[in-house]
Amino acid sequence: MSRFMQFYNSRWFNVSLFFVFFCLPFLIYWDLFTANKSLVSGDGIQYFSLKSLISSSLAQGEFPFWNKYLANGIPYASDFTNHAFYPFSILLSLLPLKLFMYSYYAIHLAIGAFFIYLFIKEIGCGRVAALCTALIYELSIHLGGYRKEHIVIIATIIYLPVILYFLQKYINSKSIKWLLYSSVAMAFQFYVAFIQDVVYTDIAVGMFLLVMGIKNKMKIKKLITDGLIWIGAYFGLIAFQFLPTLQLVRYYGKDGAASATLEYFQSYSIHFSKLAMMLFPRIYGGEVYQPFGTRYSSELDIEMFLGVFVFLIILFGAFRYFSDFRVKISLGMMIGAFLFSASVHVPLLSELLYRIPGINGFRVLPRALFIFVFFALVLFAVTLSKLKIAEEMSKLYQFSKRFMLGICIFLGCAFAANIFSLMSVSNFEGMKNLYQYFKTTFLPGLFVLALVLVISYMIQKWSGNWTEGKYKKVYGCFGIIIVLVTFLETFTFSTTLHSNNPEDVADLGVSDKTSKFISENIGDYKVWDASSVLSSSIDMNSNLFKGFSTINAYIAFNNPKIYKLFTNDSNIVPLNNSGLLRTFPNAKSTLVGQNDLLNMLGIKYIIDTGNSIGEEAGLKETIKERDIIFSRDNIEIPNTKEELFVYSQPVQIKPNSFYKVRFKVNSIGTQSLFYVDFYGGEHYDFEEQQKMFNVHSGTSEYSAVIYSGDTTGINDINLRIISMPTSEMKVTDFTLREISMQLQKNVYKPVFTDGRNHIYENTNAKDILYAPQKTISIENENAIYSNQYDYDLSNVSYIENFKNMNLIDANTTVEERNFKNNGITATIHSDKPSFINFSQNFYPGWKAKVNGKETPIYQVNGLIQGIEVPAGSSKIEFYFYPKILFVGGILSLITLAGIILVILKPINFKKTKKSIQN
């Protein structure tokens with residue numbers, strides 16, 4: 001026994017405990033692990049797809065600063081949402097895929113559980129309370145259930161106990177080294193990083209430090225000085241990732257990416273009634289995730305269910321030990337987090353929060369509930385630690401008895417009222433359903449309440465005859481019972497997997513026929529899933545596993561230029577909308593009228609799940625304008641101060657035909673909403689017949705092609721102009737023309753069919769490096785987005801303030817091409833001075849060399865890159881070298897070195913001050 005106590009009090013106990021926490025997820029999901037099944041699907045697959053990019057790039061001898069596989073190329077390492085520099089991502093991605101997934105999940109659960117254990121001990125709650133709380137935390141729905149689909153959220157929120165542990169150590173010891181450790185933990189969380197929960201964590205820990213510092217009567221000067229060092233160390237450590245991301249947001253914002261709307265901000269706001277789910281998780285029926293829709297949901301409502309036993313102890317502690325400051329601060333943080341999460345249901349609160357920069361870009365505000373859950377468990381631990389005194393167990397018994405009685409009376413009255421109501425109309429089937437509802441919803445919780453009542457009664461009855469040592473053992477057993485009962489209560493919910501899960505980890509869709517065909521044939525070209533609705537052909541970003549590039553992508557920050565070209569200059573380009581490039585409502589128009597755009601981007605294969613190409617497969621329709629269908633010389637649009645304005649005129653249009661609209665707009669300011677569409681009532685009101693325009697200040701010309709689609713049964717169709725004007729506008733020279741079609745064979749050629757997946761080859765697709773027929777200088781690239789049907793993006797390179805070059809007679813060839821993530825090299829042979837397009841998105845940080853000498857890169861066609869090459873044979877290189885990334889890296893290294901120096905050799909500020917004075 002003495003040896004056990006020695007081990008129990010040694011550091012090896014903590015090492016062993018962490019190992020146990022790490023092994024628990026493997027034990028719980030052993031059946032999946034041994035069956036070679038995936039722990040995640042959906043968003044989880046997308047996350048691990050991005051992580052696999054690191055290992056595949058490292059195998060090629062490079063780190064992926066750029067990602068060539070998604071959305072025509074994205075600055076992978078410059079976007080913190082890609083988690084490129086998170087240490088665990090880099091290290092664990094070197095493991096086999098299955099082991100990577102399970103280990104990543106397990107190690108983060110172990111970190112969270114271990115540090116909540118240390119934190120609970122640090123605030124003086126004892127090992128029993130700390131160990132019970134840690135186990136309940138790790139096994140909770142909060143870190144399991146459907147939340148595993150958002151594995152990045154789990155990997156982010158587990159750092160809250162880590163940070164708070166170091167802050168509590170600082171508060172207890174006043175040593176700044178612990179504050180610096182917390183800065184390191186905060187930096188780890190940032191690098192994970194689900195930025196929404198990072199921001200919420202930063203706010204929560206900042207408030208915690210301030211309140212605890214004041215409570216412990218720390219000198220204001222020291223609190224401010226140490227606080228500035230803490231914040232400075234944090235921002236210094238994250239500069240490596242923060243500065244490049246800041247550059248990305250500014251660059252995309254400059255090109256038209258918009259911030260989130262109030263409606264977007266308010267989506268998914270949990271309702272106060274959901275607190276009832278903490279006691280009875282099925283109180284709102286079988287649906288335990290979003291029973292009332294987005295305005296009443298945390299997206300995963302069930303995660304608040306910590307177990308009835310735990311709930312009762314939390315409630316008891318809130319009433320019994322409110323005078324304890326640990327209880328007060330826990331309740332305060334819980335209330336604050338829940339009010340924030342339910343802000344839509346508090347008058348004016350969400351509108352007020354929306355005005356706070358850094359917060360107003362998020363949706364699903366209940367993602368802050370991890371703070372609520374954490375401090376609820378802290379309150380549980382504080383209360384449990386109080387119960388190690390025998391007299392307090394009798395108080396728990398008395399409270400449980402009253403609570404149980406109150407709940408039973410309330411439920412009895414509710415049940416009786418419903419029975420009488422159903423009996424009055426002889427609804428026996430309804431009575432049967434009501435009984436079944438009460439049995440499945442309330443009886444499990446009532447059983448646990450009764451169990452608490454019995455256990456607390458037995459302990460308080462017999463504790464008077466026990467020695468202190470005996471009661472200590474009973475108290476330990478009481479903790480074990482709580483953990484076991486809670487485990488049984490929450491196990492079903494916490495181990496729930498997505499309905500489409502499990503996938504076979506061995507291939508994750510790689511071996512499906514469609515993907516296999518594309519992988520074997522695509523080379524350096526790209527694929528596009530031309531679907532106007534969500535398709536499973538390209539599952540998130542799993543094409544990274546499959547080794548080919550797609551235009552479709554699931555990314556956090558959207559390049560507005562590529563989106564504008566696929567939507568005819570849409571003025572609604574949400575900066576942070578991860579689903580923006582997953583579907584393409586204008587796919588039909590793009591295939592027919594913008595083949596040149598597809599060619600320029602090197603889109604060789606088109607997946608046509610929506611039958612957009614249809615019966616005319618293998619044919620391209622070349623646009624020719626016919627007679628005017630409708631015209632107006634002048635349309636006055638008044639300033640409605642963002643009230644909806646509608647101009648509508650009846651038009652005669654043919655089914656499944658194309659029409660070109662062209663007009664000029666003179667506007668005093670930029671308009672937030674302006675579009676032209678065909679409208680025929682609720683049965684003819686689709687995005688395919690709607691074209692958005694980004695109306696700028698001044699006078700600009702706009703054009704677009706609208707596809708009429710199926711007009712069967714629609715008698716009255718109107719041409720409409722819709723806007724929410726913020727100033728007066730004048731629309732002039734408005735024309736609507738029908739477009740005749742000339743068929744061209746062998747452009748979209750059917751090459752593969754697998755169920756609904758019809759794959760067509762775009763025979764005009766350009767290679768990753770290609771020479772245009774000419775270059776044309778333009779004044780402003782915005783004209784391409786607004787009038788792209790007037791530009792030949794396939795054969796011409798349009799460049800702002802460049803020069804005109806006729807290259808149609810130049811004999812230019814590309815050889816020895818080597819394309820990796822961060823760059824491409826090739827040999828160019830040309831009998832005349834020429835120009836080479838590189839069909840990756842233009843972005844700051846790209847450099848180019850011709851024969852070893854740096855040369856300017858030009859933005860081509862409002863999106864891609866290009867350089868001049870001389871006559872003869874030339875070695876060219878495009879490479880991504882983001883200087884801002886290295887500047888941030890140097891700052892982070894300097895900060896880290898400073899932190900290590902301070903930790904190893906603490907600075908004595910008083911001694912330093914005296915030496916300066918002397």
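Helices here are DSSP runs of H or I with at least four residues, numbered from the N terminus. Keep in mind that this is a predicted model.

**Exercise 1. Work out where T486 sits and whether it is buried or exposed.**

Step 1: Find the helix. T486 lies in helix α21, which covers residues 468–494.

Step 2: Check the accessibility. T486 has 3% relative accessibility, and buried means under 20%. So T486 counts as buried.

Step 3: Look at what the side chain does. The T486 side chain gets to the backbone oxygen of I482, at 2.7 Å.

Step 4: List the partners from elsewhere in the chain. Once you skip neighbours within four places in sequence, T486 touches I136, L306, G307, F309 and V310.

**Exercise 2. Describe how α14 packs on α21, and name the class of the angle.**

Step 1: Get the geometry. Helix α14 spans residues 308–320, and its axis is 8 Å from that of α21, at an angle of about 125 degrees.

Step 2: Classify the angle. Roughly perpendicular runs from 65 to 115 degrees, and roughly antiparallel starts over 145.

Step 3: Pick out the residues. On the α14 side you'll find V308, F309, V310 and I313, and they meet F478, I481, I482, V485, T486 and E489 of α21. There's our T486 again, in the α21 list.

Step 4: Sort them by class. The contact of α14 with α21 has eight nonpolar residues, one polar and one charged.

**Exercise 3. Work out how α10 and α12 are oriented, and which hand their crossing has.**

Step 1: Start with the numbers. Helix α10 (residues 176–192) and helix α12 (residues 220–254) have axes that come within 9 Å and cross at roughly 30 degrees.

Step 2: Apply the cut-off. Angles under 35 degrees count as roughly parallel, so α10 and α12 are roughly parallel to each other.

Step 3: See who takes part. The contact includes L179, M186 and F190 from α10, along with W230, L237 and F242 from α12. Sorted by class, the residues of this contact are 17 nonpolar, four polar and one charged.

Conventions
Residues are numbered from 1 along each chain as its sequence is written. This is a predicted model: local features need pLDDT of at least 70, side-chain atom pairs count only at pLDDT 80 or more; totals for chains, interfaces and linings use all residues. Side-chain values use heavy atoms; hydrogens and water are left out. Axes are lines fitted to C-alpha atoms, for helices over the stretch in contact, and angles run from 0 to 180 degrees between N-to-C directions. Helices (H or I, at least four residues) and strands (E, at least two) are DSSP runs, numbered from the N terminus. A crossing is left-handed if the near helix is turned anticlockwise from the far one by less than a right angle, and right-handed if clockwise. Contact means heavy atoms within 4.5 Å. Ala, Val, Leu, Ile, Met, Phe, Trp, Tyr, Cys and Pro count as nonpolar, Asp, Glu, Lys and Arg as charged, and the others, Gly among them, as polar. Buried means under 20% relative accessible area, exposed over 50%, partly exposed in between (1.4 Å probe, protein chains only). A polar contact is a pair of N or O atoms within 3.5 Å; within protein, one must be able to donate a hydrogen and the other to accept it, and residues adjacent in sequence count only if both atoms are side-chain atoms.
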